[in-house]
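Please read these notes with the model open beside them. Each numbered point takes up one part of the chain and can be checked by eye.

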Amino acid sequence: MTDTNNSRKRALNYHEFPKPGKLEIRATKPMANGRDLSLAYSPGVAEASLEIAKDPATANRYTARGNLVAVVTNGSAVLGLGNIGALASKPVMEGKAVLFKKFADIDCFDIELNQSDPEKLADIICAMEPSFGAINLEDIKAPDCFIVEQICRERMNIPVFHDDQHGTAIVVGAAATNALQVVGKRFDEIKVASTGGGAAGIACLNMLLKLGVKRENVFLCDIDGLVYEGREKDMTPQKAAYAQGTSPATLDDVIEGADLFLGLSAPGVLTPEMVGKMAKQPIVFALANPTPEIMPDAVRKVAPDAIIATGRSDFPNQVNNVLCFPFIFRGALDVGATEINDAMQLGCIEGIAALARATTSAEAAAAYKGEQLSFGADYLIPKPFDPRLMGIVASAVAKAAMESGVATKPLDDLDVYKDRLDESVFRSALIMRPVFEAAATSARRIVFAEGENENVLRAAQAMLEETTDRPILIGRPDVIKRRCERAGLALQAERDFDIVNPERDDRYRDYWGSYHQIMARQGVTPDLAKAILRTNTTAIGAIMVHRDEADSLICGTFGQYLWHMNYITQILGTEALHPVGALSLMILEDGPLFIADTHVHTTPTPEQIAETVISAARHVRRFGVNPKISLCSYSQFGNHKCSSGESARAALAILDSEQRNFTYEGEMHVDAALDEAVRRNIFPDSRFDGPANVLVFTSADAASAVRNTLKVKGNGLEVGPILMGMGNRAHIVTPSITARGLLNMSAIAGTPVAKYG
């Protein structure tokens with residue numbers, strides 16, 4: 001079977017299995033008994049209906065309308081497929097609905113209509129206004145799309161947005177903004193040669209004018225050549241607005257000296273010879289899909305310094321509407337906008353363009369591993385999976401809607417709104433907020449043992465942007481510099497971070513001397529101390545904390561946990577400070593769950609279990625959570641004589657020997673810990689209500705198994721592990737940690753121990 005056949009089969013299987021299509025409807029309220037039914041439907045539903053009848057604005061309170069968008073098409077101009085009809089367009093519209101949900105958490109119904117008359121199509125759409133908070137028009141041919149949108153915008157009091165027009169125009173506007181910055185030109189001085197004249201092409205030209213391009217500097221061509229005054233063939237009012245001169249001409253005739261080529265037409269329209277006639281450092285946006293007007297390699301043969309964008313994902317600078325439409329709708333819905341106006345679209349452009357100029361996010365870098373993601377000729381616009389798009393673009397749109405007077409539900413605080421959007425994308429943001437706030441009260445020096453690691457470098461960049469802490473990186477300066485440049489990071493040694501070079505550092509003699517002084521009576525010779533402090537970055541970092549040259553060490557992005565812990569204990573351990581246990585915060589769909597001890601003690605003693613419980617309670621409070629701790633074992637309230645049950649009962653006795661300021665219970669199974677009904681059935685006199693939020697196990701095997709199961713099968717996001725008992729002087733992460741995870745750990749390490757001790 002050929003590659004094409006394989007690809008086709010995979011695509012069809014994707015749409016067919018495990019159930020047909022890409023969407024389903026799920027209930028958001030319980031429907032488990034007669035009481036639920038009476039609330040969801042008759043008679044309870046009447047109360048919501050009566051409230052809406054009295055005040056239509058309450059529909060957004062009592063129904064899903066305020067977060068519901070309709071993707072509407074008649075299938076007359078499906079991208080790359082043409083007029084395939086309404087039914088055949090359904091997979092495409094389902095895909096659009098999935099993107100709304102994935103990128104902006106907007107619910108969406110795809111609606112395919114068998115109606116070719118634009119005025120009748122508009123009538124149908126307008127009649128659907130009570131059902132939806134906004135309308136996304138899609139894949140309607142020109143000029144019908146202009147008629148449909150105009151009628152709907154005039155008659156409907158909700159946002160109506162033709163994505164093929166305005167979505168494309170917004171992303172092109174952002175790409176053009178940054179392309180001109182790269183080449184050092186302004187909108188008001190460039191010449192534009194464009195091919196197409198369809199909905200997207202006209203909208204892009206309209207947007208370029210709004211950005212400052214002069215009307216007299218725009219030359220529009222289509223299949224019949226230049227659009228000029230008096231031309232009759234295949235003309236529309238939209239094309240006529242861009243008529244140039246009174247004589248026929250070709251693209252080849254008008255492209256001389258053009259700074260920007262904008263193509264939304266067909267393959268092969270632009271030739272290398274035409275590119276050669278353009279201005280120096282030409283900007284070539286060849287956006288026909290799936291085959292551009294000219295391939296990038298053909299452009300570069302003629303103009304190596306050209307700035308190129310296409311509509312394809314296998315080349316740099318993909319102009320993709322997904323950078324825009326989810327977030328412009330998110331901002332519009334959240335402020336109750338009555339329309340999506342020019343100000344909101346320009347706000348969207350500014351947000352997208354600014355994000356590309358900022359440091360690349362770690363999440364985007366992970367999703368596009370191996371690609372160069374630093375601002376420049378090959379990175380004009382962000383990647384679709386950059387999670388910062390939500391907060392930056394949607395808040396810019398919301399701000400523009402409020403300032404332009406179309407917001408019916410203006411926001412009290414845009415910064416709070418942006419934070420909430422970020423929290424919806426960065427799952428750890430909400431639970432980590434108290435930790436970051438505490439860390440902001442001091443400026444601590446955090447040393448990273450694996451300073452050459454890219455995730456560490458990205459975390460260091462984020463620390464500078466989001467905390468007051470100063471990173472210290474252990475690593476070779478030239479390697480760190482090269483990797484920062486490759487990752488598009490603006491980090492500079494000495495200005496942004498301190499550096500310790502294991503190969504050559506003036507402090508080397510002091511460091512190995514300190515290590516030898518600590519370890520001399522434990523079999524470590526001067527030569528061995530020298531060797532360890534030349535090669536072991538964890539030992540170097542621990543010595544820095546020991547010598548008060550750093551406040552906290554983070555290590556563990558490679559290697560075994562216990563190997564790192566050995567050196568931390570050797571150097572930083574005291575009678576008062578010793579590893580008590582590792583606490584992992586698992587962020588789950590229904591809230592946080594803490595698990596201990598996942599790494600330190602393989603089979604802890606009752607005393608170690610009790611110490612872990614006490615330390616866990618203290619650390620959990622750092623996150624603004626009131627601890628309810630369950631001691632988990634194979635035994636359940638004494639029903640089995642087993643070692644795990646005996647250890648848990650002995651630990652419980654130790655805890656009961658003194659007054660505690662937190663709630664704990666055990667021994668029990670995990671299901672009893674998390675389900676009050678199960679627990680009450682077994683043991684009615686349990687010490688706490690509801691589910692436990694901390695699970696402490698009697699073996700690292702059990703704790704680690706639950707932690708890893710929740711990560712892989714439960715879609716859990718881990719924060720940690722947090723090394724308890726070391727006074728916040730050291731934390732050991734695991735090799736699977738992300739840059740965001742390292743940032744979270746730096747905030748934990750950045751909180752003085754007195755803040756939570």
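1. Six strands form an open sheet in the order β18-β17-β19-β16-β15-β20, and their pairing is mixed. Its edges are β18 (663-668) and β20 (717-724); each has a single partner strand, so one side of each is left without a neighbour in the sheet. On average, neighbouring strands of this sheet are turned by 20° against each other, direction ignored. Axes here are lines fitted to C-alpha atoms, for helices over the stretch in contact, and angles run from 0 to 180 degrees between N-to-C directions. Strands (E, at least two residues) and helices (H or I, at least four residues) are DSSP runs, numbered from the N terminus. Two strands count as paired if DSSP finds at least two bridges between them.

2. This is a predicted model, in which local features need pLDDT of at least 70 and side-chain atom pairs count only at pLDDT 80 or more, while totals for chains, interfaces and linings use all residues. Residues are numbered from 1 along each chain as its sequence is written, and side-chain values use heavy atoms, with hydrogens and water left out.

3. Within the sheet of point 1, look at β17 (residues 628-632) and β19 (residues 694-697). These two strands pair in the parallel sense over four bridges. S630 has L695 of β19 as its bridge partner. As background, strands of a sheet pair through backbone hydrogen bonds, either parallel or antiparallel.

4. Strand β8 (residues 260-263) has parallel partners in β5 and β9. Four bridges join β8 to β5 (residues 192-195), and four bridges join β8 to β9 (residues 283-286). Which way do the side chains of β8 point? L260 and L262 point one way, F261 and G263 the other way, and all are buried. Buried means under 20% relative accessible area, exposed over 50%, and partly exposed in between (1.4 Å probe, protein chains only).

5. Together with helix α12 (residues 272-277), β8 and β9 make a right-handed β-α-β unit. Right-handed means that, with the strands pointing away from the viewer, the path from the first strand over the helix to the second runs clockwise.

6. The buried residues of α5 are M93, E94, G95, K96, A97, F100, F103 and A104. An α-helix has 3.6 residues a turn, so residues three or four places apart point the same way. Among the elements that cover the buried residues of α5 are β1 (68-73), β2 (107-112), α8 (163-183) and α17 (388-403). After α5 comes D105, whose phi is positive, near 55°.7. The count of salt bridges comes to 45; a salt bridge is a side-chain nitrogen of Lys or Arg within 4 Å of a carboxyl oxygen of Asp or Glu. One of them joins K277 and D252, with the closest N and O atoms 2.8 Å apart. K277 lies in helix α12 and D252 in helix α11 (residues 251-254), so the pair ties together parts that are 25 residues apart in sequence. K277 is partly exposed at 28% relative accessible area, and D252 is partly exposed at 29%.

7. R476 forms a salt bridge with E452, the closest N and O atoms being 2.7 Å apart. R476 is in the loop between β12 (470-474) and α21 (477-487), and E452 is in the loop between β11 (445-448) and α20 (454-466), 24 residues apart. Is each partner buried or partly exposed? R476 is partly exposed, at 31% relative accessibility, whereas E452 is buried, with a relative accessible area of 16%.

8. R687 and D656 also meet in a salt bridge through their side chains (2.9 Å, N to O). R687 lies in the loop between α29 (676-682) and β19, and D656 in helix α27 (residues 643-656), so the pair ties together parts that are 31 residues apart in sequence. R687 is partly exposed at 41% relative accessible area, and D656 is partly exposed at 39%. Elsewhere, salt bridges that share partners join D222, R231, D234 and K239 into one network.

9. R707 is in helix α30 (residues 700-712) and is buried, with a relative accessible area of 5%. Leaving aside neighbours within four places in sequence, R707 is in contact (heavy atoms within 4.5 Å) with S584, M586, I595, T598, H599, E718 and T734.
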